[in-house]
Amino acid sequence: MADGAPRAPIVTEDAADRLYIIDARNGVERRLLLDWIHATAGDREPAWASLDIEDGDHALPVDMLQARLGGAASRQVVPLRVAWRIPGFDKDRALKFRHLIFGDPRHPASLRARLILLRDRRRAQILVGEAATLDMLRGRFAAQTGGGDGAGCDSREFAGFVARQAALTLDVAERGIRGTRYKVPRFVADGLRTSPKFRAALADLADRTGRPVGDLYREARPLMKEVIARPSALFLDLRARLDRMMFGGYAPAMEVDAAELAKLRGILREHPTAILFTHKTYIDGATPSRLAYENDLPMLHSFGGANLDFAVMGGFFRRSGMIFIRRSFQDQPVYKLVLRHYIAWLLAKRFPLSWAFEGTRSRLGKLMPPKYGLMKYVLDAAHATGTRDVHFVPFVTSFDLIRDVEEYAAEQTGRNKKPESLSWFLGYLKSLKEPSGRIRLDIGNPVVIDTAPGPDDKRALEKIAFAVAVEANRVTPLTVTSVMCLILLGMAPRGATSAELLGAIGAVTDWARARGIRLSSELESGDDGALSATIDTLVTSGLLARYEAGSETVYSIDPAKQPMASYYRNIIAHHFLDRAMIELALFALRDADSGDATAAFWDRIDRLRDLFKFEFFYPPRDEHRVAIEGELARIDPVWDRRLASGDRGIAQLMRRCQPVVGHAILLPFAEAYSIVAEQLARAKPRDIVDEKSLLDAALIEGRQAYLLRRISSEAAIGKLLFANGLALMRHMGLAEQATPERIAARRALLMELRGLANVMEAMRLSTVALADRLPGAGDVL
């Protein structure tokens with residue numbers, strides 16, 4: 001009835017041999033459906049069975065149905081249900097939170113149903129599900145359950161199967177009038193319990209652990225209740241309303257490309273799909289679900305940590321499609337088995353999944369290294385069940401302002417993160433009401449997995465995750481916020497006049513268009529009004545400072561806000577990375593006695609790649625060199641001849657790079673790493689590196705370095721930056737027990753990092769010197 005198999009139509013000559021299954025929640029619905037049956041059945045007394053086919057943790061009342069499932073193999077089984085319409089609901093879907101108390105108006109109780117019928121009988125619509133013959137149902141029962149517990153097609157188990165199939169085909173019919181957004185999974189636990197693959201997996205686990213299968217079943221039952229989400233139309237509507245409330249400070253409409261949306265619709269319809277979104281804030285997980293709801297796409301099952309399953313909100317999110325996962329379950333084989341088969345069930349039934357593939361919110365703005373846990377479970381589930389053609393779709397949400405950024409900046413300087421709670425959640429919702437600009441959604445090309453790799457193929461898992469990350473980076477757009485932070489941080493502590501700023505924005509956008517980099521609507525259109533509105537929002541928020549008392553309007557970033565501005569700059573830093581490496585290599589060669597300048601240039605590029613390998617995603621070295629050469633060709637078609645000519649050619653290339661951006665991209669990382677290297681360089685022989693103590697000391701010494709202006713900005717002070725620097729030095733073999741040789745190598749690295757910082761300071765000064773020419777520099781960057 002509801003699994004995509006061919007259907008046998010109900011024809012007139014077979015009308016007398018039908019069994020109607022009435023899915024009725026109360027006597028009013030049963031009476032309506034019986035009246036309809038008698039009005040359409042002709043002279044013969046119709047056969048029917050009535051029951052409330054609920055998806056609950058209890059056995060269905062199938063005695064009447066079981067008794068009437070006999071008859072010829074060609075007998076038609078016809079499911080019926082009443083669908084209650086809500087006047088005007090399709091216009092704005094204005095379901096109210098009071099319905100949590102009084103119930104979903106689409107499922108009225110008896111008294112409420114009678115009152116509705118007295119006012120307007122047209123609100124009760126009879127749904128007729130697609131029929132199936134008893135022979136078809138018996139075949140499907142054997143195929144899907146392996147014959148159940150072996151009791152045959154006259155058993156209660158078969159009757160329950162038929163009732164569930166009736167409910168599912170009625171759900172399909174009801175979606176025809178309510179929309180695809182209400183496609184929710186039904187009878188998941190029953191589907192798992194009766195699945196031959198699940199039973200075989202439990203039997204295998206019993207053999208491996210020496211435990212009886214019955215004990216494993218009993219352990220699995222409450223775990224299913226813990227893991228399985230139970231979404232319903234009511235909670236999907238209420239979740240959509242909560243989403244709109246959470247985005248109350250943003251523009252009402254989210255920007256998304258119509259062609260990308262249409263492509264996503266086809267993918268969700270045809271393929272097992274997971275939407276993997278970048279994670280900058282608590283609320284970016286709501287943008288895929290909001291997009292799906294507002295555009296009548298199938299609902300998304302999202303994943304959340306068990307720490308979010310608190311008080312009332314945990315139940316609310318579970319009923320709207322969130323799957324709560326334990327933080328650790330390495331030694332819990334039954335839990336792992338239930339989770340794996342649940343995920344496989346969702347994929348097989350085309351219920352899309354959604355999660356943050358970085359695993360945690362990015363505290364620095366740039367893409368974090370992917371976490372493999374959930375992706376591995378999805379791939380393991382696909383591998384174990386033979387599910388093919390899994391599509392991983394990268395999904396990027398860009399906000400003009402992110403309310404979490406101030407918290408991130410404080411965390412990076414050592415302040416403890418506040419624990420999640422109901423009061424915290426309500427306070428967070430309140431902060432989201434402040435004006436925050438626009439939201440833009442970008443949907444990447446899917447990473448398609450024809451055949452899932454085996455559970456032990458770690459290399460394949462890493463390649464898939466890397467491909468998703470690269471595509472997410474590719475579709476990340478330049479926004480007004482990120483571009484202005486890039487420009488102003490690059491000129492700091494100097495500000496920029498309106499004319500200088502507009503000139504620099506124009507240079508950046510022209511550069512991006514030539515390279516196929518996406519732009520936000522304000523940057524793409526050049527709409528001065530939209531650009532001004534966004535800038536006003538940034539000024540009002542305090543991220544940018546605007547001085548209007550003088551003869552020219554001047555924009556700047558307050559030093560205390562530079563760590564926050566650095567976050568927005570980092571979101572787009574990867575687009576400028578190759579350019580930054582080229583600039584830095586050229587500036588470093590300017591005063592060097594390098595001999596073979598071409599070889600020295602590529603050595604510099606390789607060294608920069610190695611120094612910042614813990615911050616950015618790189619393609620393989622050969623591919624990266626081709627990309628660098630492509631960028632050089634855009635700067636100067638005869639770059640190779642100029643580079644080979646030595647000092648004069650290098651100077652010409654440097655002029656063609658103006659205004660430079662390398663210092664704005666890489667300086668905070670070099671300065672942060674130098675602070676860590678200095679702590680290591682101070683060690684005495686035989687000292688052991690204690691990571692926590694070193695990072696705590698780096699926070700203190702970093703603050704001192706900024707006060708003495710040994711580093712340019714507080715944006716270089718952060719726990720994650722220091723941790724990545726330490727990871728680099730551990731990778732280089734410099735974080736082991738101190739020896740005289742190792743201490744010398746640490747000091748050499750410190751000098752190298754300080755030298756890079758000095759080169760980037762020269763780059764900054766060259767940019768400031770060009771500031772007056774920026775308004776006319778539309779052909780450069």
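Leu-115 is found in helix 5, which covers residues 110-119. The model is predicted. Its protein chain holds 33 helices and 16 strands, and 53% of the 781 residues are buried.

**Whole chain**

- The C-alpha trace of the protein chain spans about 100 × 65 × 50 Å along its principal axes.
- Among contacts in the protein chain with a separation of 6 or more, 78% are between residues 24 or more positions apart.

**Nonpolar patch around Leu-115**

- Leu-115 forms a nonpolar patch on the surface with Leu-111 and Leu-118.
- Together the three leucines have about 350 Å² of accessible area.
- The relative accessible area of Leu-115 is 39%, so this residue counts as partly exposed, a class that runs between the 20% limit for buried and the 50% limit for exposed.

**Glu-522**

- Glu-522 lies in helix 22, made up of residues 521-525.
- Glu-522 counts as buried because its relative accessibility is 4%, where the cut-off is under 20%.
- A polar contact of 3.4 Å links the side chain of Glu-522 to the side chain of Ser-521.
- With neighbours within four places in sequence left aside, the contacts of Glu-522 include the charged residues Asp-400, Arg-438 and Asp-527.
- Val-480, Ala-530, Leu-531 and Thr-534 are also in contact with Glu-522 under that condition.

- Three strands form an open sheet in the order 14-16-15, and their pairing is antiparallel.
- Strand 14 (496-497) and strand 15 (545-547) are the edge strands, each pairing on one side only.
- Strand 16 covers residues 554-556 and is joined to strand 14 by two bridges, with the two strands running antiparallel.
- Ala-496 has Tyr-555 in strand 16 as its bridge partner.

**Two residues side by side**

- Leu-115 belongs to a nonpolar surface patch, while the side chain of Glu-522 makes a polar contact with Ser-521.

Note on methods
Residues numbered from 1 in each chain as written. Predicted model: local features only at pLDDT ≥ 70, side-chain atom pairs only at ≥ 80, totals over all residues. Heavy atoms only, no water. Patch = residues over 30% accessible without salt bridge, like charges linked within 9 Å, V, L, I, M, F, W, Y side chains within 5 Å. Areas by Shrake-Rupley, 256 points an atom, 1.4 Å probe, with all protein chains shown as cover. Salt bridge = Lys/Arg side-chain N within 4 Å of Asp/Glu carboxyl O. Helix = DSSP H or I, 4+ residues; strand = E, 2+ residues; numbered from the N terminus. Buried < 20%, exposed > 50% of the residue type's maximum accessible area, 1.4 Å probe, protein only. Polar contact = N/O pair within 3.5 Å; in protein donor to acceptor, adjacent residues only side chain to side chain. Contact = heavy atoms within 4.5 Å. Pairing = 2+ DSSP bridges.
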